[in-house]
Amino acid sequence: MAQSTPSADVAAMMADLAASVRRPPGAYLAAARQTLQHLLSRPELLDPSRLVGRSEGLTRNLLFGTEAISVWAMVWAPSAVTPVHDHHCSCCFGLLRGTLRETWYRPISDTHAVATQDVVREPGFVACMMPTGPNLHRIANDGPEAAVSIHVYGYDHRAQESSIHRTYEIAAG
Ligand SMILES: [Fe+2]
């Protein structure tokens with residue numbers, strides 16, 4: 001019997017997830033969460049060369065992409081930080097290694113937002129959100145080591161630059 005290879009396993013998993021985009025939003029998010037949890041529990045399935053980043057900033061390595069979803073390994077060097085942003089599409093992510101600080105915000109206009117919650121995420125953490133719900137946040141690596149997270153977005157990476165809808169300035173709370 002042919003032995004399946006890790007990359008074939010991942011490819012099959014991603015194809016299943018891409019097909020689930022047509023399901024109702026709750027079912028799709030559950031499938032994305034399950035896929036991320038599986039990848040986080042079996043990181044050997046991922047190509048280690050895709051989990052390496054530059055020594056500064058945020059490196060995005062594409063793992064899989066269709067017209068419906070794109071899956072990325074994000075490598076966060078120490079001090080890497082996103083702008084405060086929301087998303088135009090579904091956004092699911094799981095933390096593979098390192099720690100990341102996720103700060104949530106409440107918009108007070110189209111350009112400014114105030115912080116509402118600040119949490120340090122540990123390996124194994126998975127979050128899923130839709131643009132119809134709260135999805136305004138900033139992610140930062142303020143730890144001493146690089147962090148690696150896996151992201152599943154509901155956009156075509158060939159048609160759009162990123163999942164970001166708008167960026168915001170931080171207003172005093
Ligand atoms: Fe985000």
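**Around cysteine 92**

Modeller: Leaving aside neighbours within four places in sequence, cysteine 92 is in contact with Leu29, Ala32, Arg33, Leu36, Ala127, Cys128 and Val152. The model is a predicted one, and side-chain atom pairs count only at pLDDT 80 or more.

Cys92 also belongs to the largest nonpolar core, which has 32 residues. Among these, Ala32, Leu36, Ala73, Trp76, Cys92, Ile150 and Val152 touch the most other members. At least two residues of this core come from each of helix 1 (6-20), helix 2 (25-41), strand 2 (70-76), strand 4 (91-97), strand 7 (126-129) and strand 9 (147-153). In soluble globular proteins, nonpolar side chains tend to be buried together.

Helix 2 deserves a separate look. Its 17 residues should span 24 Å at 1.5 Å a residue, and the end C-alpha atoms are 24 Å apart, which agrees. The buried residues of helix 2 are Tyr28, Leu29, Ala31, Ala32, Thr35, Leu36 and Leu39. Viewed down the axis of helix 2, these buried residues fall within an arc of 160 degrees, so they line one face of the helix. An α-helix has 3.6 residues a turn, so residues three or four places apart point the same way. Leu29, Ala32 and Leu36, which are among the buried residues of helix 2, are also among the contacts of cysteine 92. On the face turned away from the buried side, helix 2 carries the exposed residues Gly26, Ala27 and Ser41.

Histidine 38 is in helix 2 as well. With 14 other C-beta atoms within 10 Å, histidine 38 is partly exposed. From C-alpha to C-alpha, histidine 38 and phenylalanine 125 are 12 Å apart in space, while 87 residues separate them in sequence.

Three other histidines come from a record. An unreviewed UniProt entry lists His85, His87 and His137 under "binding site". They span 53 residues in sequence, yet no two of their C-alpha atoms are more than 9.4 Å apart, so they gather at one spot.

Histidine 87 lies in strand 3 (residues 84-87). Histidine 87 counts as buried, with 20 C-beta neighbours inside 10 Å. Not counting residues up to four places away in sequence, histidine 87 touches Pro131, Asn135, Ser163, Ile164 and His165. Histidine 137 lies in strand 8 (residues 137-140). Histidine 137 has 22 C-beta neighbours inside 10 Å and also counts as buried. With residues up to four places away in sequence again left out, histidine 137 touches Glu102, Thr103, Trp104 and Tyr105.

As for the setting of these parts, the protein has two helices and ten strands. From the N terminus on, the elements run α-α-β-β-β-β-β-β-β-β-β-β. The radius of gyration of the protein is 16 Å, close to the 16 Å that the globule rule gives for 173 residues, so the protein is as compact as a globular protein of that length. The C-alpha trace spans about 60 × 40 × 25 Å along its principal axes. Of the 173 residues, 31% are buried. Among contacts between residues at least 6 apart in sequence, 73% join residues at least 24 apart.

Key. Residues are numbered from 1 along each chain as its sequence is written. This is a predicted model: local features need pLDDT of at least 70, side-chain atom pairs count only at pLDDT 80 or more; totals for chains, interfaces and linings use all residues. Helices (H or I, at least four residues) and strands (E, at least two) are DSSP runs, numbered from the N terminus. The radius of gyration is taken over C-alpha atoms; the globule rule is 2.2 Å times the number of residues to the power 0.38. A residue is buried if 20 or more other C-beta atoms lie within 10 Å of its own, exposed if 12 or fewer, and partly exposed in between; C-beta atoms are placed from the backbone. Two residues are in contact if their C-beta atoms, placed from the backbone, lie within 7 Å. A nonpolar core is a set of buried Ala, Val, Leu, Ile, Met, Phe, Trp, Tyr and Cys residues joined through C-beta atoms within 7 Å. UniProt positions are given in the numbering used here, feature names are shortened, and annotations may be inferred rather than shown by experiment. The expected span of a helix is 1.5 Å times one less than its number of residues. The arc is that of the directions from the helix axis to the C-beta atoms.
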